[in-house]
Amino acid sequence: MALVLAVAIGRLEPWRVERLGLSRAERRRAEQLAGECGGWLVFQRESERRPESICVARVGSGFSVQLSPGRYPRWSADGRQIAFFIGSTVCVMTAEGRWRRAVAVAQDPEPRALVFHPSGQEIWFTDGDRLCAAELREGRVRTVLTNVVVRGLAFSLDGRRLAVSVSGHRMYAFSVNDGVVVTPGRPLGRGCSAAVAPEGDLYTDLDGRHVCIRLRRWENDEVVRELPGPSGWPVDNESWSNRRRWLVARTEVPGPVDIWVYDTTSGAAVRLTATGDANRPHLWVAPSGAAHGWLRWWWRRWVGSGVAKP
């Protein structure tokens, strides 16, 4: 039975199962974390010997699965779909890597960032000095901001607050009403990443030095907590999950290029990858706190039961 299942799954190219490289102690901590954070991690891998690829892993698991070529993956709010780039093309697929298709094509040959609108109806993406929104069904593209080079962006779960980082390591807060960005934005200070708490009351700030992740209040910029880089390593590419408690980021040179999940209530960090080439993480946590396991994931990838075409 296992052999039949493996052969059938193998038809869904590209697929590639790989160990995450965690030590026994790190794996034990990740497994303990899974009891509290029933989540799935999507991330990008790349190196001199490896082209850009999108991978998924269950929190607490010792392995990941490569889903597709591409970069900058982001979950939809319901955890059913993943948006990402292949070159200049905005793509979407199911959480199991099925039904991959193009949604829009940017004029910029290497757009920098994208995100699902919380409504699930649009994907917002950068295109040179524009921020655009593409309808998921029809693919119609509209411009929501102009004359700004956006490097990172993140929504609150109600879609009313948007944080962006722009060229020059500056950050801005925008209000969004019915999909329309209200300008001008409010300066948030310096930073090269943008992350917003699901409730929209907090945002992150690396202060340009990357030694810690600061959690600041949206209304008055007050620092409420600092999350230091693991082992003193620099941190970058932080993103908030759909649950307030959990935030992911990667460490960077001179530390390993790997992904960590932070408990924002305690400040503790747990390593999720030890491959040295993991980047652009995004975490989706099941509403009940208990995500389904790999068996159900493989079944949906093979059969597609209960999963609609995006």
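Biologist: Which residues do ring pairs link into a cluster?

Modeller: This is a predicted model, in which local features need pLDDT of at least 70 and side-chain atom pairs count only at pLDDT 80 or more, while totals for chains, interfaces and linings use all residues. Residues are numbered from 1 along each chain as its sequence is written, and side-chain values use heavy atoms, leaving out hydrogens and water. The cluster that ring pairs form consists of Trp40, Phe63, Trp294, Trp297 and Trp298.

Biologist: How many aromatic pairs does the structure hold?

Modeller: Rings of Phe, Tyr and Trp (its six-membered ring) pair if their centres lie within 6.5 Å; planes under 30 degrees apart are stacked, over 60 edge-to-face and the rest tilted. The number of aromatic pairs in the structure is ten.

Biologist: Are the rings of Trp40 and Trp294 stacked or edge-to-face?

Modeller: The ring centres of Trp40 and Trp294 are 4.9 Å apart. Their planes stand at 80 degrees, so the pair is edge-to-face.

Biologist: How many residues apart are Trp40 and Trp294?

Modeller: Helices (H or I, at least four residues) and strands (E, at least two) are DSSP runs numbered from the N terminus. Trp40 lies in strand S2 and Trp294 in helix H3 (residues 294–303). The pair links distant parts of the chain, and the separation in residues is 254.

Biologist: How many salt bridges does a search of the whole structure find?

Modeller: A salt bridge is a side-chain nitrogen of Lys or Arg within 4 Å of a carboxyl oxygen of Asp or Glu. The search of the whole structure finds a total of 21.

Biologist: How many residues apart in sequence are the parts that Arg45 and Glu18 tie together?

Modeller: The side chains of Arg45 and Glu18 meet in a salt bridge, with N to O at 3.3 Å. Arg45 lies in strand S2 (residues 39–47) and Glu18 in strand S1 (residues 16–19), so the sequence separation in residues is 27.

Biologist: Which residue forms a salt bridge with Asp127?

Modeller: Asp127 is buried, with a relative accessible area of 5%. With the closest N and O atoms 2.9 Å apart, the partner of Asp127 is Arg130.

Biologist: How many residues line the largest pocket?

Modeller: On a 1 Å grid over the protein atoms alone, a pocket is an open set of points where a 1.4 Å probe fits, with protein on both sides within 12 Å along at least five of seven lines; lining residues have an atom within 4 Å of a point. Tyr72, Arg74, Leu153, Ala194 and Ser239 lie nearest the centre of the largest pocket. The number of residues in its lining is 41.

Biologist: How many nonpolar residues does this lining have?

Modeller: Ala, Val, Leu, Ile, Met, Phe, Trp, Tyr, Cys and Pro count as nonpolar, Asp, Glu, Lys and Arg as charged, and the others, Gly among them, as polar. The lining of the largest pocket has ten charged and twelve polar residues. Its count of nonpolar residues is 19.

Terms used
Buried means under 20% relative accessible area, exposed over 50%, partly exposed in between (1.4 Å probe, protein chains only).
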